[in-house]
Amino acid sequence: MLNKNSKIMITGANGFIGINLTKKFVELGFSPLVLVRGKTIHNEILKLKNKVSIYVVDLSHAQKIKKIINSFKPDILIHLASTNMNDKTLTDKDHINININILLNLLDPLKGSKTRIIYSGSVAKYEQKKLITENTQIIPPNSYGLSKFLVSELAKKISNLYNLELIELVLFSPFGPYEREQRFIPYIVNKLIQKDELVIQNFYEKRDYVYISDVVNAFILACRKKIKQSISINICSGKSINNLKIVKTILSQMGLKKKLTNLNKKSEINYNSKNVLAKKILNWEPKVSFKDGIEMYIDFLLKKDKFYG
């Protein structure tokens, strides 16, 4: 469990969740070791270079990962790295092979340790178009969801075999600073900033959105809470919202009116949700309402747009 001397390792630190989580750990007085992929390190991570240990490494390289883990000996490993759901360069087989290979490379060196593993799962593993709880039937709608489910199950099996503590935080739709511009909310705000036409794939596609500060808080609590066995916990608000309402909320916050075009494309994404275990085990529930989160995020994006011209 987390204490002031805990050694924390974070994979996928260059990503949306990773950036925000790394910044929070530094704010709390920790000096995590972060793993990033590729030659480009995000500016927000570079700003922390005197307070974190940054390793640029391909997680598919087993020996390099083993060397880092054996040297650092993490008390807590937060595994965020994954393929991207909408990466069209990856085949179904790629999603599965890459995500499973990464997991095995991380867990193998931890055998015999007392490391706690916190894994970021995805709502994409569940059957859609229904009320989603931790007991919802696993019927992934796509290969990404299948890969996340397989990794989740494999992580639980190996963790039990190696006597490691594992918490899977199943993320629904986090939003906020540093998420990829292709995601729905930043896409809409950027289109409005650029005064472009708003074309929506499906007005009534519905998701459960959670502001990033609340998601980060869930990870911190997962580091602190005592658990006895591997467990999956849904990190959601319990209040799903459709695309049309999201756009109208953004327009209202920005004081704009805009004609909307609905392509009415078929979508599997349409669910309601419950966060019973998050409340019971982590004592967690969102503190930021969707409306307040949108207001803060729009303010962030507008300042960013002004700064970068």
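**Exercise 1. Describe how the charged end of lysine 7 is placed relative to the ring of phenylalanine 72.**

Solution. In this predicted model, the charged end of lysine 7 sits over the ring of phenylalanine 72, 5.0 Å from its centre. A charge is taken to sit over a ring if NZ of Lys or CZ of Arg is within 6 Å of the ring centre and within 35 degrees of the ring normal. Because the model is predicted, local features need pLDDT of at least 70 and side-chain atom pairs count only at pLDDT 80 or more, whereas totals for chains, interfaces and linings use all residues. Residues are numbered from 1 along each chain as its sequence is written, and side-chain values use heavy atoms, with hydrogens and water left out.

**Exercise 2. Work out the strand order of the sheet of 7 strands, and state which helices pack on it.**

Solution. Begin with the elements: helices (H or I, at least four residues) and strands (E, at least two) are DSSP runs numbered from the N terminus, and two strands pair if DSSP finds at least two bridges between them. The 7 strands form an open sheet with parallel pairing, in the order E3-E2-E1-E4-E5-E7-E11. Its edges are strand E3 (53-56) and strand E11 (231-235), each of which pairs on one side only. Neighbouring strands are turned by 20° against each other on average, direction ignored; axes here are lines fitted to C-alpha atoms, for helices over the stretch in contact, and angles run from 0 to 180 degrees between N-to-C directions.

Next, take the pairing inside the sheet. Strand E5 (residues 116-122) and strand E7 (residues 165-171) are joined in the parallel sense over 7 bridges, and isoleucine 118 has isoleucine 167 in E7 as its bridge partner.

**Exercise 3. Find the residues that touch the most other members of the largest nonpolar core, and follow leucine 169 through its contacts.**

Solution. A nonpolar core is a set of buried Ala, Val, Leu, Ile, Met, Phe, Trp, Tyr and Cys residues joined through side-chain atoms within 4.5 Å. Of the 64 residues in the largest such core, Phe25, Ile78, Leu169, Ile185, Phe219, Ile235 and Ile250 touch the most other members. H7 supplies the largest share, 9 residues. Leucine 169, not counting residues up to four places away in sequence, touches Ile118, Tyr119, Ser120, Gly121, Ala218, Phe219, Ala222, Ile233, Ile235 and Leu282. Apart from this core lies another, of 24 residues, including Met9, Leu59, Leu106 and Leu110.

**Exercise 4. Classify the ring pairs formed by phenylalanine 175 with tyrosine 297 and by tyrosine 178 with phenylalanine 300.**

Solution. Rings of Phe, Tyr and Trp (its six-membered ring) pair if their centres lie within 6.5 Å; planes under 30 degrees apart count as stacked, over 60 as edge-to-face and the rest as tilted. The structure holds 10 aromatic pairs. For phenylalanine 175 and tyrosine 297 the centres are 6.4 Å apart and the planes lie at 55°, so the pair is tilted. This pair links strand E8 (residues 173-175), which holds phenylalanine 175, to helix H10 (residues 290-308), which holds tyrosine 297, across 122 residues. Both phenylalanine 175 and tyrosine 297 are buried.

For tyrosine 178 and phenylalanine 300 the centres are 5.2 Å apart and the planes lie at 75°, so the pair is edge-to-face. Tyrosine 178 lies in the loop between E8 and helix H6 (184-193) and phenylalanine 300 in helix H10, so the pair ties together parts that are 122 residues apart in sequence. Ring pairs link Phe175, Tyr178, Tyr209, Tyr211, Phe290, Tyr297 and Phe300 into a cluster.

Methods:
Buried < 20%, exposed > 50% of the residue type's maximum accessible area, 1.4 Å probe, protein only. Contact = heavy atoms within 4.5 Å.
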